[in-house]
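Here is a structure to look at. Please read the report beside it.

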Amino acid sequence: MMSKDMIMTTRYPNAMIYSHWLTVVLVLIAYLSSGHPTRDGLIGELHVFSGLLVASMLIVRLPLRFFYRRHIPQQPALADWQEKAAKSVQTALYLCMALIPLSGWLALANKTQQFSAFGVAIPLNNNGSLLHFVGELHPFLGNLFLILAGLHAAAALLHHFYFKDGVLKSMSPHRK
Ligand code: HEM
Ligand code: HEM
């Protein structure tokens, strides 16, 4: 339901669009480079580096989301349940952007006392017993993130090609 102070727009602001797609690229790099970072050499460093960048994108995206809260495009054709489902998945994706890198950082501390990614020494917490368990869940959570992102992407593509509405265009870079 559109509140009175919403600004009518069909596209996300550019800063939200570019930060969305940069996050997608970083998540894909983290996923494709996943394995055993302490044994995988440069690929392992890439995994840790790109994964930490995913988390740091929250520092950009959450303030943008707040700043542009009245500029988020509304889709009047969507049923209430579709709007709720999209919002729940978006919230879950934001949680994944925080929790998967955090669990990865704990997993790394389970494997090694020190780790550098492209010359940057990663401070590690080597003394938590419960946290140790959270680290063990990291590979499972990492796969769950990709499944959730896949469902979200499939819904966007379904809207574009089947319902032929403006959902995917709302997040697409502007073409002249
Ligand atoms: C979006 C971010 C991330 C995703 C999607 C992700 C995904 C994954 C996946 C799927 C695996 C399992 C690979 C396999 O079993 O073949 C894995 C392993 C691992 N990741 Fe990540 N990861 C992310 C971020 C991070 C970060 C930021 C760190 C460290 C700071 C990290 C450290 C590790 C470690 C140490 C393992 C090996 C765990 C083990 O063997 O038990 N990951 N990651
Ligand atoms: C790791 C992958 C992804 C993450 C973490 C992610 C996250 C998000 C989030 C949090 C939003 C809400 C808008 C915002 O706050 O910026 C969003 C919107 C959107 N995303 Fe993604 N996304 C991913 C992948 C994709 C892919 C692959 C597609 C397309 C094939 C896509 C299409 C869209 C579209 C069309 C919207 C706007 C529609 C809406 O408001 O629901 N996303 N995404």
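## Basis

This is a predicted model, in which local features need pLDDT of at least 70, side-chain atom pairs count only at pLDDT 80 or more, and totals for chains, interfaces and linings use all residues. Residues are numbered from 1 along each chain as its sequence is written, chains are lettered from A and ligands numbered from 1 in the order in which they are written, and side-chain values use heavy atoms, without hydrogens and water.

## The iron site

H20 (NE2) and H152 (NE2) coordinate the iron atom of ligand 2, at 2.0 to 2.1 Å. H20 lies in helix α1 and H152 in helix α5, so the pair ties together parts 132 residues apart in sequence. Helices here are DSSP runs (H or I, at least four residues), numbered from the N terminus.

H20 is buried, at 12% relative accessibility. H152 is partly exposed, at 28%. Buried means under 20% relative accessible area, exposed over 50%, and partly exposed in between (1.4 Å probe, protein chains only).

## The shell

Ligand 2 has 19 residues around it, each with a heavy atom within 4 Å. Y12, H20, Q90, Y94 and H152 come nearest. α1 (14-32), α2 (42-67), α3 (80-111) and α5 (138-163) each supply at least two shell residues. α1 gives the most, with five.

Conventions: Donors = N, O, S within 2.8 Å, 3.2 Å for Na, K, Ca; no water.
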